[in-house]
Amino acid sequence: IVNCVNTSVFQPQKSIIKNQHLLFVGSYNYYAKGFDILENLAASGYKINCVTDRDPGMKLGWLQNLPNKDMPKIYNAHEILIFPSRFEGASMVVLESMACGVPVIMNNVGIGPELRKEIPEFVILDNNRGEIFSKKIKTIEKKYDLYSIKAREYVLKNHSYHEYKKKWVSLIEMIYEMEN
C-alpha cells in the first residue's frame with residue numbers, strides 16, 4: 001500500500017500566479033537525484049528552482065530547504081515538477097506536486113511504473129538523457145490544462161486519504177478472514 005497525500009492541503013490554488021519556472025524538490029545528491037540532468041536543462045535555457053539542502057550552483061535557482069507547510073504554495077507557483085532522480089521509493093514530492101495540479105516529469109523510479117500506466121507523458125524510461133526531459137516539457141506545455149487536471153485526478157484516485165484508508169481496511173479484513 002503506497003503513500004497517501006492530504007489532498008485538502010495539497011491542492012490547486014488558482015490565486016497563486018505561476019512563475020513559468022520548473023521546480024525540483026529533494027536532497028542534494030548530484031548523481032542519484034539527477035542534478036546533471038537539471039544542469040543540462042538549465043544550460044539549454046530552462047529556469048529551474050530547487051528546494052534542496054545545499055546550493056545547487058549558479059545554473060539553478062535555490063529556494064533552500066523549506067518546511068512542508070510552505071510547499072503547497074511553492075508547487076502552485078511552478079508549472080512543472082522535474083524529478084530526474086535515478087533511485088527513489090514512493091516519492092511524496094511527486095504526489096504532493098500532482099495533488100496541487102502540477103504535472104511532473106520523472107524517471108521510471110518510485111511511483112513511476114504505476115504512474116506510467118495512466119499518464120505515460122509524465123514518465124521517462126531512459127533516465128540519463130536530458131533531451132528527453134526537454135521533449136516531455138514541450139509535450140506538457142502544449143496541453144498544460146489537460147495534464148494539470150490529470151495530475152490531480154491521478155492522486156485523488158490512487159493516493160488520497162480515502163483510498164489509503166480503503167486499502168488498509170481491505171487488507172485487514174483479508175487477513176482477518178484468512179485467520180478465521
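A residue counts as buried under 20% relative accessible area, as exposed over 50% and as partly exposed in between (1.4 Å probe, protein chains only). Phe 35, at 0% relative accessibility, is therefore buried. The model is predicted: local features need pLDDT of at least 70, side-chain atom pairs count only at pLDDT 80 or more, and totals for chains, interfaces and linings use all residues. Residues are numbered from 1 along each chain as its sequence is written, and side-chain values use heavy atoms, without hydrogens and water.

The whole structure holds seven aromatic pairs. Rings of Phe, Tyr and Trp (its six-membered ring) pair if their centres lie within 6.5 Å; planes under 30 degrees apart are stacked, over 60 edge-to-face and the rest tilted. Two of the pairs are tabulated.

| Pair | Centre to centre | Plane angle | Class |
|---|---|---|---|
| Tyr 28 and Phe 35 | 4.4 Å | 45° | tilted |
| Tyr 31 and Phe 87 | 6.3 Å | 55° | tilted |

Tyr 31 lies in the loop between strand S1 (22–25) and helix H1 (35–43), and Phe 87, 56 residues apart from it, in the loop between strand S4 (80–83) and helix H3 (92–99); helices (H or I, at least four residues) and strands (E, at least two) are DSSP runs numbered from the N terminus. Tyr 31 is partly exposed at 46%, and Phe 87 is exposed at 53%.

Ring pairs also join Phe 24, Tyr 28, Phe 35 and Phe 83 into a cluster. In S4, buried Ile 80 and Ile 82 cover one face, and buried Leu 81 and Phe 83 the other.
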